[in-house]
Amino acid sequence: MASARADDDHQDGPDLVEQAFRQASFSMSVFDIELRYRGLNDVACQVMGVGEDVLLGQVFPYGVPEDVPQRGLLKAMRDVAATGEPTHYEAFSRAPSGIREHAWNMELWPVRDASGEVCAVGMAAFDSSEQHWARQRLAVLDEAAVSIGTSLDLDRTAQELADLAVPRFADFASVDLLEAVMRGDEPPEAGPDDEVVLRRLAHAAEKVGAPGAVLGPGATDTYPPYSPPARALRTGQPVLSRSGAPDFDHWMASAAERARSLRGVVVTSLVAVPLIARGTTLGVAVLLRTRPDVFNEDDFVLAKELASRAALCVDNARRYTRERTTALALQESLLPRGPSRQSAVDVASRYLPTDSRAGVGGDWFDVIPLSGARVGLVVGDVVGHGIQASATMGRLRTAVQTLADVDLPPDELLAHLDDLVLRLAADDDSATGGDRVAVGATGATCLYAVYDPVSRELAVASAGHPPPVLVLPDGRTQVVDVSVGPVLGVGGLPFETTEIQLPEGSLVALFTDGLVEPTEGDPDLGIALLARTLADGHDAHASLEDRCDRVLSALLPKNPGDDVALVLARTRALDAGHVRVWDLPADFEVVAEARRRAVAQLEQWGLEDAAFVTELVVSELVTNAIRYGADPIQLRLIHDRTLICEVSDGSSTSPHLRRARIFDEGGRGLLLVAQLTTSWGTRHTRTGKTIWAEQALN
């Protein structure tokens, strides 16, 4: 028993601690307070590329090559030694012993002696490169979804692909199309020994004079059959090639201009990916790296995915150029793309055309950021399909955005939209001699809602459109009791706004009739089914995207007979800590006090950097309210994704910018506000108006 206990004591002693330090699977190092190496484990020595005996006693960053930046880490180590406070440090650089870039997460902590004094600094470095690169690849794909194919312009689409790849993924990227494709013809099949003629659409380079940039946009080049681009086109498969491969080196040196561009530059690797869409080979995207970190298999897979997405966009643009059709262009440009710049609601949406051969229909939706941290939610429907319905949809969506920008209440916005539809119908009728069907005759509906995260109030008005469905946080459902007005284009009849206060986390569902009418042809039954489906999937943490899919699956047949637009918005609320309101007397002496209060509030929010501009904005807006407005006067600050300053008064007269003359004593304040803030404007209220100004926060 005594022997066993002795063995246990031995295992628990300093030797075991030393073994754990030495054999740790991550880099660990110890430095004295002068930052001299006092100990390194095996992984740390591998990272440094030298043995512990070489480094012991040397001052950090001894052993680190000059091209590996260490200034930030050195400062962090000194701070730990000086303050005795642990810290976390992140870096992105190559390891001293390698050539590839790494992402490092480092923990630095003080080591204290028996008296409690800091005697050393401990460092543990975790290599999170794989996670970093995985996130980067996902980020590239996410960005590709919104940045490639923003139009049906062929050159622009190709340039978007090249710009996305450089510099985060490659040092040079080019997009070349086959000559036959550029003419609108189907490309011929290439034999194994045939040269390939390609026309450069776009390229991007991290540095001027990069290899491959010798061929300008619009120029053509002939590629030998052994070159990576020609092989990719012939086989229909991506080609990964690295420096040292015979065909690669031969091709890079084959053209005189390309050879001259390579002087002093080493192309380490290349990926040539064919652009194939709908079974047609369009061209090839070529990505080059001159950095030591060559393309690996993960990069290869990402390049294939990017090229696959880009090829469809290029083909859409090619078809548009050849056939001059606008259906796909309208579908992309008339519906929101990516997250909106607002934080009042979380949003997920779906748009499903009834038949791709019919083109884009007349359904649309929108999420419009408004002043005061509010958001406008829009859904509408123009009856019919094709170019006319799509063009009308675009007109109405643009009109709603314009009217929303001047902060009209929902009922007033629909009244103005109704007038616009009447004018459009009259213009169309006079332009075509009455042969063209007017918008009002075919039918157009719209529902416009405004949600305010400060008051948690939802204001809704409808022009012949189905009402929203609510799912409250406790799971109860409710159809908003909206007073449904006439369809757009009837004219002469009023619209009404319905206001309802919502708990935070309420779900608001807006939709077009194509979602609810398939249920036995009865929209009321469809709305009831929608409410049950949303309630069945109720979960405060459920993904809105999943709930959209659940709704479409439950309510729609396999081949819907009408277009469908669906918007799900989960409401947020700004708590009192993010909003501050002051009632002000109509006295010029209060202007200084208003500035003081605003600055003090910014200090509480940690927004001292915004104090200078905010003081100017508060001073100008409060002064104008006192001078030109009427009681009651109120100052409000909102700390959201931006800093919003609002001054309300009882007058409905709106200010406007004007150019002050040289000897004018005033007239420059609003001009300064407009120049120093991101945006500003006026909205009318029941009791007067509100002037607001918005500042971006870093």
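## Largest pocket

The lining of the largest pocket comprises ten nonpolar, nine polar and 14 charged residues; here Ala, Val, Leu, Ile, Met, Phe, Trp, Tyr, Cys and Pro count as nonpolar, Asp, Glu, Lys and Arg as charged, and the others, Gly among them, as polar. The model is a predicted one, in which local features need pLDDT of at least 70 and side-chain atom pairs count only at pLDDT 80 or more, while totals for chains, interfaces and linings use all residues. Residues are numbered from 1 along each chain as its sequence is written, and side-chain values use heavy atoms, with hydrogens and water left out.

The pocket holds about 930 Å³ of space and is lined by 33 residues, of which Arg374, Arg683, His684, Thr685 and Arg686 lie nearest its centre. A pocket is an open set of points on a 1 Å grid over the protein atoms alone, where a 1.4 Å probe fits, with protein on both sides within 12 Å along at least five of seven lines; lining residues have an atom within 4 Å of a point. The volume is the space filled by probe spheres set on the points, which are joined across faces, edges and corners. Elements that each supply at least two lining residues include helix H15 (410–431), strand S26 (679–684) and strand S27 (689–696). Helices (H or I, at least four residues) and strands (E, at least two) are DSSP runs, numbered from the N terminus.

## Salt bridges

The whole structure contains 22 salt bridges, each defined as a side-chain nitrogen of Lys or Arg within 4 Å of a carboxyl oxygen of Asp or Glu. One of them joins Asp299 and Arg289 at 3.4 Å, N to O. This pair links distant parts of the chain, with Asp299 in helix H12 (residues 297–323) and Arg289 in strand S11 (residues 280–289), ten residues apart. Asp299 is buried at 7% relative accessible area, and Arg289 is buried at 2%. Buried means under 20% relative accessible area, exposed over 50%, and partly exposed in between (1.4 Å probe, protein chains only).

In another salt bridge, the closest N and O atoms of Arg397 and Asp366 are 3.0 Å apart. Arg397 belongs to helix H14 and Asp366 to strand S13 (residues 361–369), 31 residues apart. Arg397 is buried at 10%, as is Asp366 at 4%. Within helix H20 (residues 590–605), Arg596 and Glu593 lie three residues apart, about one turn of the helix, and their side chains meet at 2.5 Å, N to O. Arg596 is partly exposed at 49%, and Glu593 is partly exposed at 26%. A network of salt bridges links Glu18, Arg22 and Glu52.

## Backbone features

Most residues other than glycine have a negative phi, and most peptide bonds are trans. Leu35, however, has a positive phi of about 65°; this residue lies in the loop between strand S1 (27–32) and strand S2 (37–40) and is buried at 5% relative accessible area. Asp407 has a positive phi near 60°, sits in the loop between helix H14 (386–405) and H15, and is buried at 8%.

The peptide bond from Phe60 to Pro61 is cis, with omega near 15°, and Pro61 is placed in the loop between H4 and helix H5 (71–83). The bond joining Val166 and Pro167 is also cis, with omega about 0°; Pro167 lies in the loop between helix H7 (154–165) and strand S6 (172–178).
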